[in-house]
Amino acid sequence: MKTYTVHAPVAVLFLLFHALVFSGHTCEAQQEASRMFRRYSTKDGLLSNSIYSLNRSKNGTWWIGTGGGLQRFDGYTFEPWNEVADTAGVKINASQNVYEDSRGNVWVFNFSEHHVIPAGLRRLTPVRTDSLSNIPETQSYPVPVLEDSLRLWCFETSKGFFGFNKRTLLLDTLVPVAFKSESVVLPTVSTLESVAWVSVDYEDSSYVVRFKPGEKIRRYTLAGSRYGRVKGVIQLNAHDVLFISTRYTAICDERDVRTPVTMLSTENIPGNFIRGLPYARLHVNNPGGVLFPGEQGLYEYVPDKKILRPYSTVAYPQINLSRQLMFALHEDQRGNIWIGRDASDGLLIYYPGKLSFEFLHAPRQYFNLVYSLAVTDDGRVIAANFQKGLNIFDKTGTWKKHIPLPNAENGLSPSIRAINRLNSEQYLMKSLFDKLMVLDVSNDKITDLSAFMPGYVTRYRNVFDANIYPVRENEAHFTHGKYILSVQYAKPGYRVAVIDSLNDGGIINSITYSREGKRIIGTSQGIYQKDGHWKLFSETRSFGVKFITTDSAGNIWATGPGGICRIGSNYDVKFYTESNGLLNEFVYGILFDDSGNAWYSSNRGLGCIRPDGSISFFTEADGLQGDEFDTQSFWKDSTGKLYFGGINGITAFYPRNVLKTLNTGEVLLSAVQVNGLAYPEEGRADDLKKLTLPHDQNSLTFNFAFTNLSDAAYNVYQVRLAGHDKQWVNLKNLHTIRYLLTPGDYTLYVKGSSDGNTWSKELTLPITIHPAWWQTAMFKWAVGILIMTAFGFGAWYFNKIKTQELLRQLQLEQEMQRERERISRDLHDHIGAYSTALLANADSLEQQVQGDKMRATVSYLKENSRHILSALRETIWLLNTRNLTVSGFYEGFINYSSNILRNHEGIEIEFHDDIVRNVQLQPTTAIQLLRILQEVIQNIIKHAHAGKIRCELTCSTELRIVVADDGRGFMPDTTPPGNGLRNMRERAAEAGFRLDLISSAGAGTKVIVSGIV
């Protein structure tokens, strides 16, 4: 019988684990899991997808031991430290255990060799034994246990506790503990307040050791027949330990772990796999608790209730978190759980904080982009989707039903662009074109009012930004084109009438009313107020409005593609843009919570403007349905809960639950370059306290990292170089800044934030650029004023030309990056949206047409639409990917080729690579190379009649890609070149590469692309 206590909501999650595995909603579960987990792999820069150890450094970054060596992660880059050269040319091929001690020394332990990187250096040194100590060599790799003021203590099963001197960097002490010498197993280690517990389990018995430097070792031998196999002993406080075995899990007295005090479970939670048990002490969520892996997932000890329960990750069965695949488990300062696994899937980060946001979504066949939504008085949610009707959720957020919409328009199902309340049972709905309907939520009946719309009004087609404003019970106003209309309900029918219009000033997109009852509209050309006649707020003339509303204080708030415009009660106008705090300027709508905070939805998450003017932001990394939301897709219910709909579903939350005080984190220098070269040559950039350079080393580049690593892509920075900058420089989407300095004294100040509101303390770095010898006072006095003036003029002119050239290069680099981001954003927001709509239209059309020929035509249209989307995603990926390496590019090509060939049975493909230098590729180069390789694969499929394809990539000083097939081949000399081959050669030339083609009849074809990188 199960004896551990589980709360009801968690029990439901645990049952849901089994239900989801065999249900038809695997796709939804995978989507949910992807929101809760962030996965890093070799595509992101890991040397290997096998993670053996995680250790947080003293500055907040992470040391990661992988199957490919040692790396450091600052939130942006997985920096390789596996080959930090010394005189011996040492290289770490794998990192089983890595630990940074209190002095900043980094210890790396493997099965047969151990290394240390001394504090402040980038120099790898083998660990040696003190010549005065008679200490035997270790037979397996040591596991760090604890450290005292002088030593790092590690445990090794064949010998005992080894002491590594943090000052001399020598192995100088051994405290022997005898275990079975004929076998080596992986121990479990836990530490609290300089006390360590080590457990080693064998089939017949287990050993538990309590170790504290300077005290006598306490050792227990526990028979397997009574205790099972002991998997871990974790100190909870000064008196209690958590005892975990295959027989039971219990709380025991620290003085005798053999007798349970409180039994938590009699299940075999840990399982029988012979491997150390990683665990995490919890300080943020469930402070004082312990998290550890079991046979089927993670388990959590709750100290205030003294219970053991399955951790919330059991709701995501597609992420296998069983202990036999897990090596490392840690909680960071924001409460995120970092998971290192030997499962070929890299580093996982689980975000418990995302549970502050609810996620509403329906089965995929009924659900896509949420165009508009409303919440009934009893808490039911009505979500209208693009061409997929209505979805109804109950007040718990559970999907209940789908309601199709009648009366297609333009041959397609109507897309409801706005919903709002007409009365307690009826909700008015306005479509993308000219459909006007009423939904009765008491019986889900839909009444079509489109016939009541005047003909001269409906001449305006494709009214993208419609809006409905409830005026009173049974009356609402709505917009269409240049008109404002009223809908009134009185039994037994409805009345629709035009009540106002705007002849000049663009299309009316939204409507609201002031506290005095004045009508206010937002248009494509600005904001107007009706005071006898329409009056434009002149400051808003170029501000296109998507939504407009008023707050309780009488302020007017308008949102649009240019940010947010706020008109105060005294008619003062203020704009919110990226320059003063918005994460993204394409803003859809705005709601106000009970504390006066203004919550807005954008193209990159949700934001909150507080009454004091400060701005916070929340993104997909915090648990939202996605980063992109939509117009008219937001609602505040009677309980104060806010709802925002977007491209993947609906985000719902109580503002008080998400406006938490976050750990501020710390800004550090992750990299410094002087004249394009890494600085210091052997030291670490984050250890720099002062920068002193000669006059000709004055081109400085600084990379920053923020140790609050929820999702570094959303970190923002403010930078000011005293002596150079007059004000703070805001960095968004960037963590790099470059300066070209003249001789003088400067001070660099940097602060960071992960939410746009809570800022870290300032990083401070004094910088001195010494003048050249000819610029000193001594030289001036010696040579004379006249000669010095002439020479100074020449030096000034030379430095000016050099400065201008470097500035031009810097501006060109920044302009190219901004242009790539703009193109990527435009492709996603415009072509991507229209392509998705085209695919949805073709899908709907396929269900309606008759006849094989017409169906074939529509099928061909769908296939072409998918090709457009696929090519678009590849282009956006290549444009957006920062630090795209050769290995990451090749993995992208492998994925493309594998996906294409799934539909062509009989063709085998194999891939080989030899990457000596994993260099970075420019996005333009990567795009050209990918298109060439895609053309080669397509030609083989269409023309070669091949049975096998072999792809080889080598990269040293030259990048060389060979694609060969065993098809029928052709004679290049006698076959005229087609457009495809000509295009490939042109693409190769534009990328600075050479394309060679080798083929003969019956002997297959080989295409070689090569170039210097």
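Q: How do you know that strand β45 (residues 526-531) and strand β46 (residues 533-536) pair?

A: In this predicted model, β45 and β46 are joined in the antiparallel sense over four bridges. Pairing asks for at least two bridges between two strands, and four bridges are found here, so β45 and β46 are called paired. One of the links is between Tyr528 and its bridge partner in β46, Leu536.

Q: What lies between the strands in the hairpin of β45 and β46?

A: One residue lies between the strands of this hairpin, and Gly532 takes a positive phi near 85 degrees there.

Q: Why are β23 and strand β24 (residues 290-293) said to pair?

A: These strands share two bridges in the antiparallel sense, and the rule asks for at least two, so β23 and β24 count as a pair. Within this pairing, Arg281 has Val290 of β24 as its bridge partner.

Q: What makes β23 (280-281) and β26 (307-310) edge strands?

A: The open sheet has four strands in the order β23-β24-β25-β26, with antiparallel pairing. Its edge strands are β23 and β26, each of which pairs on one side only.

Q: Which residues of the largest nonpolar core touch the most other members?

A: Among the 37 residues of this core, they are Phe889, Leu959, Val963 and Leu995. Membership requires a buried residue of a listed nonpolar kind, joined to others through side-chain atoms within 4.5 Å, and buried means under 20% relative accessible area. Elements that give two or more residues to the core include α9 (886-901), β68 (948-955) and β71 (1005-1012), while α10 gives the most, with 10 residues.

Q: Which residues is Leu995 in contact with, leaving aside its neighbours within four places in sequence?

A: Leu995 is in contact with Ile932, Leu981, Met984, Arg985, Ala988, Val1007, Ile1008 and Val1009. Each of these counts as a contact because heavy atoms lie within 4.5 Å. A second, separate core has 28 residues, including Phe367, Leu390, Leu439 and Ala652.

Q: How many cavities of 30 Å³ or more does the count come to?

A: The count comes to one cavity of 30 Å³ or more, and about 50 Å³ of space lies in the largest cavity. A set of points is called a cavity because a 1.4 Å probe fits there but cannot get out.

Q: Which classes of residue make up the lining of the largest cavity?

A: The lining has one nonpolar, three polar and six charged residues. Among the lining residues are Trp63, Ser57, Lys58, Glu100, Arg684 and Asp686. Trp counts as nonpolar, whereas Asp, Glu, Lys and Arg count as charged.

Definitions and conventions:
Residues are numbered from 1 along each chain as its sequence is written. This is a predicted model: local features need pLDDT of at least 70, side-chain atom pairs count only at pLDDT 80 or more; totals for chains, interfaces and linings use all residues. Side-chain values use heavy atoms; hydrogens and water are left out. Buried means under 20% relative accessible area, exposed over 50%, partly exposed in between (1.4 Å probe, protein chains only). On a 1 Å grid over the protein atoms alone, a cavity is a set of points where a 1.4 Å probe fits but cannot get out, and a pocket is an open set with protein on both sides within 12 Å along at least five of seven lines; lining residues have an atom within 4 Å of a point. Grid points are joined across faces, edges and corners, and a volume is the space filled by probe spheres set on the points.
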